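Here is a friendly walk through a two-chain model. Have the viewer open while you read.

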There are 2 protein chains.
Amino acid sequence: MTAAAGSTGAPEELDLDAQIAAYQREYPEVDPQVEKVVTALGRLNRRMNVAYGRQLVDLGISNSEWEVLKALVVVGQPYRLGPGELAKRLGLTPAAMTHRIDRMVAEGLVTRERDETNRVRVIVELTDEGREKWLATMRLASAFEDDLLQDLTPLERTILGEILIRLLRRVESSQPDAGGRLEDLD
Amino acid sequence: MTAAAGSTGAPEELDLDAQIAAYQREYPEVDPQVEKVVTALGRLNRRMNVAYGRQLVDLGISNSEWEVLKALVVVGQPYRLGPGELAKRLGLTPAAMTHRIDRMVAEGLVTRERDETNRVRVIVELTDEGREKWLATMRLASAFEDDLLQDLTPLERTILGEILIRLLRRVESSQPDAGGRLEDLD
DNA sequence: GCATCAAACTTTAGCGTTGAAGTCTTGACC
DNA sequence: GGTCAAGACTTCAACGCTAAAGTTTGATGC
C-alpha cells in the first residue's frame with residue numbers, strides 16, 4: 001500500500017519502438033521516423049518535467065511558483081511585473097495569477113502593492129527570499145541539465161540546439177499566437 | 001476588450017537569446033549552450049502541445065480524452081484496458097480515471113463493463129466511434145508533424161532522433177520511476 | 001466638471017485533478 | 001466454511017485553473 005498510490009510520478013510507458021510499431025499497425029500511413037522523433041521529444045520533455053518537479057518538492061515550492069519566480073528574475077532588477085503581464089507571459093488567465101500571487105505573498109516569495117502613480121495597476125515584486133529560492137532552483141536545475149547533456153559531444157550539442165531552434169521557428173511562424181501580438185518574440 | 005482575454009493560447013515569450021542572456025546575468029555559472037538547448041526543447045514542446053490542442057478542439061475532444069484513446073489504440077484489438085492500468089500509463093490517479101471514463105462513456109467513445117471472470121475488475125473498451133475519433137486525430141497530428149519536420153534533411157532527422165533517444169535513455173536511467181517498476185520500458 | 005467608456009485586477013461558479021476514505025470482490029488462512 | 005487481508009475501483013473534500021461577471025481607477029468628450 002505504499003508507492004503507486006499518489007501517482008504523478010512519471011507515467012509508465014511502453015518501449016519507444018513498440019509504441020511506434022503499434023502506430024504503424026493501426027495507422028499504416030504514418031511516417032515511422034517522424035513519429036519516433038516527435039514521440040521521443042514529448043517523452044523526454046515529460047521526464048524532464050518530472051525531474052524538475054522532484055527538485056522543486058525538495059525546495060518546498062511548486063512548479064507554478066517556480067514559473068513566477070523565473071519570470072520575475074528574467075526581467076532583472078528591481079524584479080517587478082504586474083499581474084496581467086505575468087499572466088500573459090505564463091500563458092494563463094489573470095484570475096489564476098491573482099490566486100497564485102495570493103499564495104506566494106503568504107509564503108513570502110513576492111510582495112504585492114498598488115502602483116501609486118497609477119492606482120489601477122498592481123506591482124508584484126520578488127523578495128530577497130524569493131530570489132534566494134530561485135537561485136537554489138537554478139543550482140539544482142542546471143546541475144541536472146549539465147548531467148543530462150553530458151554524453152553529448154560539443155558538436156552534437158551545437159547541432160541539437162540548431163535543429164531545435166529551426167523547429168521552434170517553424171512552429172512559431174505557423175502560430176499567429178492567439179492575441180495576434182508577437183512583438184517581443186523574435 | 002477582445003483577445004488576450006481567454007489566454008491559454010501560447011504564452012508570449014521573450015526571444016530565446018534574450019532569455020539566455022538574462023539567465024547568465026542573474027546566474028553567471030550557467031552554461032549558455034546547455035540552457036539554450038533545454039529552453040528550446042521546453043518551448044518547442046509547449047508550442048507543439050498548443051498546436052495539438054487546437055486540432056483536438058476542431059475534432060471536439062479534449063487532450064485528456066485523446067490520451068485515453070491513444071492508450072487503448074496502442075494495446076491493439078480488442079482495445080481493452082482496466083481503469084487502474086490506464087491510470088498508471090497516463091500518469092494520473094485512479095480517481096481521475098474514474099471521472100474521465102464517466103465522461104467518455106457519456107460521449108460514446110468507450111464502454112465500461114465489469115469483467116465477469118473477475119468481478120473486482122472493470123474493462124474499458126474503445127467503441128467504433130472512439131476508434132474513428134482516434135484515426136481523425138492521427139490524420140491531423142501526423143500532417144502537422146510532417147510539416148514541422150519538413151525543413152530537416154533525412155540525415156538531420158536521423159541525427160535528431162538518435163540524440164533524443166540517447167537523452168531519453170539517460171533521463172530514464174536516472175529515474176527509478178516512482179513505483180520502482182520499469183519492466184516494459186526498455 | 002461630470003458622465004461615459006476602457007483598462008486592470010478581483011470575485012464567483014464550474015470543472016478536472018489529487019489524496020484519503022469507503023465499498024465491494026477475491027483469495028487465503030485456520 | 002468463516003473470517004480477514006489485499007486489491008480494484010469509486011466517492012468525497014480540497015485545490016488550482018478557466019470563463020464570465022463585477023469593481024475600482026483612469027481617460028475622454030462635451
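## About the model

This is a predicted model, in which local features need pLDDT of at least 70 and side-chain atom pairs count only at pLDDT 80 or more, while totals for chains, interfaces and linings use all residues. Residues are numbered from 1 along each chain as its sequence is written, chains are lettered from A and ligands numbered from 1 in the order in which they are written, and side-chain values use heavy atoms, with hydrogens and water left out.

## Two chains, one axis

Chain A brings 94 residues to the contact and chain B brings 93 residues, where contact means heavy atoms within 4.5 Å.

## The interface in numbers

About 8400 Å² is buried between chain A and chain B, and carbon and sulfur atoms give 61% of that area. Buried area here is the accessible area (1.4 Å probe) that two parts lose on being put together, summed over both.

Eight salt bridges are found across this interface, each being a side-chain nitrogen of Lys or Arg within 4 Å of a carboxyl oxygen of Asp or Glu. Take Arg47(A) and Glu172(B), which form a salt bridge with their closest N and O atoms 3.5 Å apart.

## A helix pair across the interface

Now look at helix α3 (residues 63-75) of chain A and helix α1 (residues 16-26) of chain B, which pack at about 85° with axes 9 Å apart. Helices (H or I, at least four residues) and strands (E, at least two) are DSSP runs, numbered from the N terminus. Axes are lines fitted to C-alpha atoms, for helices over the stretch in contact, and angles run from 0 to 180 degrees between N-to-C directions. α3(A) and α1(B) are therefore roughly perpendicular (65 to 115 degrees).

From α3(A), Lys70(A), Val73(A), Val74(A) and Val75(A) meet residues of α1(B), including Tyr23(B) and Arg25(B).

## Within the chains

Over all chains, the structure holds 26 salt bridges. One pairs Glu67(A) with Arg100(A), at 3.2 Å between the closest N and O atoms. This pair links helix α3 to helix α5 (residues 94-106) of chain A, 33 residues apart.

The peptide bond between Gln77(A) and Pro78(A) is cis, with omega about 0°, and Pro78(A) lies in the loop between α3 and β1 (80-81) of chain A. Chain B has a cis bond from Gln77(B) to Pro78(B), with omega near 0°. Tyr79(A), in the loop between α3 and β1 of chain A, has a positive phi of about 55° although it is not a glycine.

Key. Angles under 35 degrees count as roughly parallel, over 145 as roughly antiparallel, 65 to 115 as roughly perpendicular and the rest as oblique.
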